[in-house]
Amino acid sequence: MSPMNTRIAEQFSSREQQAFAGTFGMWVFIASELLFFAPLLFGYFYLRTHYPAACAVASRHTDFLLGTANTAVLLSSSFLMALAAQAAEARRRSRARWLLVAVAALGVAFLVIKGVEYHAEFQEQLFPGAGFRSQAPPGMELFFLLYFALTGLHALHLTVGILVCLAMAAGLRHPEPQWPSGEAVEFAGLYWHFVDLVWIFLYPLVYLVGRAGG
Amino acid sequence: MTSAQSDLELEEKGTRAGTSYLAEGYTLRSWLTTRDHKRIALLYAVSITLFFFLGGIAAALIRLELATPQGDLVSADTYNKLFTAHGVIMVWLFLIPSIPSVLGNFLMPLMIGARDLAFPRLNLASWYLYLAGGAIVLWALLAGGVDTGWTFYTPFSTMFSNSHVVLALTGVLVVGFSSILTGLNFIVTVHTMRAPGMGWFRLPLFVWANYATSLILVLATPVLAMTLVLVAIERMFQVGIFDPALGGDPLLFQHLFWFYSHPAVYIMVLPAMGVASEIIPCFARRPVFGYRFMAYAILAIAVIGFLVWGHHMFVSGQSVYAGMVFSLLSFMVAVPSAIKVFNWTATLYKGRISFGAPMLYALGFVGLFTVGGLTGLFLAALALDVHLSDTYFVVAHFHYIMVGGSVMAYLGGIHFWWPKVTGRMYSEAWGRLAAVVIFAGFNLTFFPQYLLGYAGMPRRYHSYPEEFQLLHVLSSAGAVTLAVGYLLPLGYLAWSLRYGRAAPANPWQATGLEWQTASPPPVHNFAQPPVVARGPYAYHTQ
Amino acid sequence: MSVPFYLLPADGAQSATRLDSLALCLLLLTGAVALGVLAMMIVFCVRYRASSKAARGHPPVKDLGVEIAWTLIPLLLFLGLYAWGAVDYAALYRPDPAATPVFVVAKQWMWKAEHRNGRREVGELHLPLGRPVRVVLTAQDVIHSFFVPAFRIKQDAVPGRYTAIGFTPSRAGEYQLFCAEFCGTEHAMMTGKIVVMPPSDYARWLAEGPRQPGMAERGFALFRSYGCSGCHAAGSSVHAPDLTGLLGRRVHLQDGRELTADEAYVRDSILVPRKDVVAGYEPIMPSFAGQIGEEDLLAIIEYIRESGHDQRTERP
Amino acid sequence: MERRTRPLVLTWLALLALLALSASSAWIPLGWINTAIGLAVATVKALLVALVFMRLRAGHPLLRLTALAGLATLALLFALSGADYATRSEVKAPWQQPSSVAPRLGN
């Protein structure tokens, strides 16, 4: 499966061992990353159970259309990332490179859309802190705190992902056995998909609360 | 094959394997850019020793202050900063990295027959992260200190403390990432790098213990990291989910904090159990009793340890029902701990016991851990905890586990593997003396604190009612003894580096793979990749 | 060191004695285990020291029976201890409708108390001997903890909410009150004095000294000004449940559930009346959410609690 | 379409379809069921991404175990902390945030 050109680091005795250690390490990292979101998610759970009405009001202040569009962008980027990993594995470096560029472009598009949303929310005094709108029901400010923390942390992860994609795309211009190997692209893919997974859950929790009325 | 012959052979193998890791390079650069797990372990050893003595100085000042009830040595604020510094340094900069990052780093690859950890560069990165975090914490302390206690309880830490909380939080956060990377490295290494024939039930218990510890490091530390970020945000921008004025809940912080910080206790004590499980069979010259049960008990402690954090919150305003659930689970986690103590004791039965310094430390560990563990039952019993929580009883209890347990085992491990790490023998007589002094000093320091706690002395008190003075003076006297005990190894171990007798490959006639290579080990650990054909602890009393 | 030190603090509350027995029981059990382990270790260390000639044939390496035994026996003992601790713990938190409430507010770095009739004190707390007391706590800044070693009682005071703990003083005298949760610079100086006095002295003490309208009195005024009495007063034309002595009563609900009325229930019924409708009544009560402050809610709850005491003439 | 990319394309289409389902169902007033549907759809989407894109389906069982360990730990936090919140009857007290405390950037 793995390309024959991959260098073996001195601590490993075989290619398979090295590849599996990398994949497994990436998954352990992802499990750890998931727990990084845990306090925010539990904070959200606390807020939803204690201030359901305020959460619904607050959620209706988020931008449904942009949020949904962004979800579609991110899902598509994951799809392209899966294609890129497949191409890199098959040692089709030029195809993998362009796919990675496309992934990064979608990532940037996501951040731009997110930025537009943030801007609108700043304008509407929805950014928590001293400037938060007065007369908001109790709990609403915390909803927006968690909203900005969750989406901000997600955006931070995405930014790292975009940089990794671009670095790899640059590396893929060179022929084998230059970095990155097919496995490296695969690892970047795992990370990218994880960032996507987080968003998949953020979408209903942030944008879809109380849309039907109330 | 007699041991002398095998030693000779091993020496030969060692020379054939190439230069020792210590001789690989002598420049500072060769150390600071190394990816060799053994060298990184030494980098950790030096840095955590530094922090241990820093935290120790804070402890010494605390004990000195408490010798009189009036609180006349330092001001109340200084006292609060001292115990915070002591807690933060000892927990995050010494205890959590101590055994895993020093002994674990050095020994895990050797014990499973690997050339290095799976990700050597990551390993070095985690040391640098540790150093960066430590530096930030030091900066916070030098800039004026932190007075929240190592627990950073909100809303005190977010709204009322006038000290360098955010800086300290940042330091702890960075050290947390270092822990996560170390844990990740260990998990992947144990899963993928074991030598041929090294099945899971042939792993030394030290490896099991560090593996279980790594699970906690990887799964619990990120929760702490994000919680600290939330505290920092709340402190800087006055918005946070722990703020009751906005509809938040201060107890939410406690849940999230203890979700990490209780398992963190097992991060400190599980590797210590691993060390004891190596030393005791070796010096009793017989296999460990109930190896599989020991391994399962380690995993059980790691898993159940995740379920008991609420016992720090029995009087916090948590619901009575949640208290009952957490209390029950806390009693459950005591079962595997008890199993381990019984098994160590049974390992002595029909042994051929000699009392080298490592063994004295290990026996001291078992004794002190037993006392610490049993007094934990008092705190797990709900109604009793209402009286005892936040008193000196708690202080005594966790010092028995963390200092009596972990530090004792850490020192035992340092002595046990010293010949392997440095290639030198330390002075056995001094080693034994230090072990006895530390054991005595420890008990004198902390046993009176149990009595103080039951009598109602609250913790973190800068001054106290006069009737508690006698026990406080005893405790302070013990602290002096303990300080002497901790300084002794610093002296004779350093002395041995230059004047110590050269160590053979296997001075204790131990069976682990790490003893099958030269002392100090060659750069790539083994001359030939070892093949394992039997379980650990194949000792024979005859 | 003129002050004598007592290992056991005085047992100033009924629960203290029970708790000491639990501690003693645990001490005997754990002490036996610790001594047993220690004795075995010493015996083995001496008997099987390297230089001894003791028989060492076939050292056991594993024994499933033994392992299971020393897994199950501690487990069962622990379950027993757990149950004992849990039962006593629950008793501290079970609201006793007959208990005298005392409101304690903690702030950096002092204790303030308000009694039922509005008498206030700072740094001291007077309590009646032999009567169940319920200390209701809150904090104005950070988390504090109300700790009376002589009562073996501790409860955190959390800003933004009330916590409560109950006990019955069983010995007249003066006791130390500590703050047990680290609360800042003068944490160690945040102490106070608990004075337990015979009920008659307590009643006299309550009556004299500075006071202001008590919680319940304020609650009664609010009960009328918010219009609660319009429906809930006896003889009202609207079919609404009588609230006299509601706290602690079992309540049957419309949907078949049954619960004990506590502060949270009354609070919910005022803010979200449709949540728990009492059997036999129409859900006609309007919600008061957003119209009534938390302090007022507490006062009304206190009035409702007091109304029960009036009926049973249990005033001290 | 290549044989190997076919499952990826199908998964992508399924994800977009699920997104449409999730987005549209949110506008039907169903009360708490809205959230349940949202989370259920998210779970299906997450499974698709994990099993197909992240190759968990074909991967080593250890990888699935790792993912489950992360989820189980998260579930522990929710279950046990949630147990406290579910059984706590909290009486709110009036509390004013001290206005004198100014933002303290930097320490």
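**Entry 1: chains D and B.** I looked up this contact and found 21 residues from chain D and 25 residues from chain B. I count two residues as in contact if their C-beta atoms, placed from the backbone, lie within 7 Å. The chain D side that touches chain B has eleven nonpolar, seven polar and three charged residues. Here Ala, Val, Leu, Ile, Met, Phe, Trp, Tyr, Cys and Pro are nonpolar, Asp, Glu, Lys and Arg are charged, and the others, Gly among them, are polar.

I note that this is a predicted model, in which local features need pLDDT of at least 70, side-chain atom pairs count only at pLDDT 80 or more, and totals for chains, interfaces and linings use all residues. Residues are numbered from 1 along each chain as its sequence is written, while chains are lettered from A and ligands numbered from 1 in the order in which they are written.

**Entry 2: the other pairs.** Which pair of touching chains has the most contacts? Among the five pairs that touch, it is chains B and C. Chain A and chain C share no contact, and their closest C-alpha atoms lie 10 Å apart.

**Entry 3: a helix pair.** I turned to H4 (residues 64-89) of chain A and H1 (residues 6-25) of chain D. Their axes come within 10 Å and cross at roughly 165 degrees. Axes are lines fitted to C-alpha atoms, for helices over the stretch in contact, and angles run from 0 to 180 degrees between N-to-C directions. H4(A) and H1(D) are therefore roughly antiparallel (an angle over 145 degrees). Their contact has eleven nonpolar, three polar and no charged residues. Among the residues that meet are A:Phe79 and A:Leu83 in H4(A), and D:Trp12 and D:Leu16 in H1(D).

**Entry 4: H2 of chain D.** Helix H2 (residues 32-53) has 22 residues. H2(D) reaches 31 Å from its first C-alpha to its last, close to the 32 Å expected at 1.5 Å a residue. The expected span is 1.5 Å times one less than the number of residues. Its buried residues include D:Gly38, D:Lys45 and D:Phe53 (buried: 20 or more other C-beta atoms within 10 Å of its own, C-beta atoms being placed from the backbone). Their cover includes H4 and H7 (182-207) of chain A, together with H1 and H3 (61-87) of chain D. D:Arg55 follows H2(D), with a positive phi near 60 degrees.

**Entry 5: chain A.** I found seven helices and zero strands in chain A. Helices (H or I, at least four residues) and strands (E, at least two) are DSSP runs, numbered from the N terminus. Of its 214 residues, 55% count as buried.

Conventions:
Parallel < 35°, antiparallel > 145°, perpendicular 65-115°, else oblique. Buried ≥ 20, exposed ≤ 12 C-beta atoms within 10 Å, placed from the backbone.
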